[in-house]
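Subject: Structure handover

Dear colleague,

Please find the structure below, with my notes after it.

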Amino acid sequence: MKNTLKVGIAGFGTIGQVVGQALDDGMEGLELTAITSGNLDKAKQNLKSFKKTVTVVAAQDLANIVDVVVECAPTSAFMSVAEPTLKQGKILVTVSGAAILQNPNIVDVAKNSGGQIILATGALLGLDAVRAAAESTIHSVTMVTRKPPTSLTKAKYIVENNIDISNLTEPLQVFKGSAREGAEKFPSNVNVAAALGLAGVGADKTQLEIWADPTKTRNTHYINVDADSASFALTIENVPTIENPGTGRITALSVITALRSITTPLRVGS
Ligand SMILES: NC(=O)C1=CN([C@@H]2O[C@H](COP(=O)(O)OP(=O)(O)OC[C@H]3O[C@@H](n4cnc5c(N)ncnc54)[C@H](O)[C@@H]3O)[C@@H](O)[C@H]2O)C=CC1
Ligand SMILES: O=C([O-])CC(=O)C(=O)O
């Protein structure tokens, strides 16, 4: 029997707390032992209902005491979590596709130390098919994201440019361009577009539109892929979380399945 892997969570917010709860409830071969977050006192409070003892540590100490780090912190904190984890040859499970695009050298850090970055599918679907198609020739990948305005009000580009989306009566296109540019302007909102780019033809060739859409109640992504092996269209309508409407409920669940994949004897899907 394999040893139980010690798991640490960096970022104990909307995603981190759901993942933490699942670990506390019990996941085969995985044990939550430590967390770090932006506010350590608040994190301690939020851990009070957990059955098992979890240590709260400063960000720089987390990688020293666990085997796997789940990174679900703001994009700006990504490197401070990812670098020490990967330098020690450990596993990083993350949803920060936008941060990987901004810091592509992190892949070399993993390569040189024998660590691994697992970018979970997050709020998206179909990355298995996109990766399979990328083994041959993909002609084009396009993605259209439509979110209720409340899911975009905290977005970096919307805030920095004082774009008022509070009283929209019809959909407003707030971005059109490459997934790379979109992930730079909306780092907490289209990590999924970054992941799609990394899975397929690259973030520069992946085309993205973002709409603030008052007719939507869900964070909706439409994807079209045209390849020599298959053409496919994918749609996902994510229920926004109450805590952070920009984050769909499925995101944390995707992280949980990514974690289970590390230890499960039967892994379904590539
Ligand atoms: N790939 C995907 O499908 C998705 C990715 N995301 C990404 O996940 C991130 C987290 O999302 P939520 O949980 O909704 O955000 P959140 O705002 O609810 O939680 C973030 C947590 O990180 C903590 N934090 C702040 N600075 C930190 C630091 N230096 N080190 C460690 N923790 C720190 C905060 O205190 C907070 O508890 C987002 O910023 C976004 O980039 C979010 C939704 C979907
Ligand atoms: O929840 C979503 O629809 C996607 C999201 O926030 C992200 O990609 O960061």
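This is a predicted model: local features need pLDDT of at least 70, side-chain atom pairs count only at pLDDT 80 or more; totals for chains, interfaces and linings use all residues.

Residues are numbered from 1 along each chain as its sequence is written, and side-chain values use heavy atoms, without hydrogens and water.

The sheet is open and mixed, with 5 strands in the order S8-S9-S7-S10-S11. Strands are DSSP runs of E of at least two residues, helices runs of H or I of at least four, numbered from the N terminus; two strands pair if DSSP finds at least two bridges between them. S8 (172-178) and S11 (231-238) each have a single partner strand, so one side of each lacks a neighbour in the sheet. S7 (residues 138-147) and S10 (residues 219-227) run antiparallel and are joined by 8 bridges. Within this pair, Arg146 is opposite Thr220 in S10.

Helix H10 (residues 191-199) lies across S7, S9 (207-212) and S10, at about 170° to S7 (axes fitted to C-alpha atoms, for helices over the stretch in contact; angles from 0 to 180 degrees between N-to-C directions).

UniProt, in an unreviewed entry, lists His221 for "active site"; such annotations may be inferred rather than shown by experiment. His221 lies in S10. His221 counts as buried because its relative accessibility is 2% (buried: under 20% relative accessible area, 1.4 Å probe, protein chains only). Beyond its neighbours within four places in sequence, His221 has contacts (heavy atoms within 4.5 Å) that include Met143, Val192 and Leu234. Its side chain also makes a polar contact with the side chain of Thr145 at 2.9 Å (N or O atoms within 3.5 Å, one able to donate a hydrogen and the other to accept it; residues adjacent in sequence count only if both atoms are side-chain atoms).

Regards

Definitions and conventions: Chains are lettered from A and ligands numbered from 1 in the order in which they are written. Buried means under 20% relative accessible area, exposed over 50%, partly exposed in between (1.4 Å probe, protein chains only).
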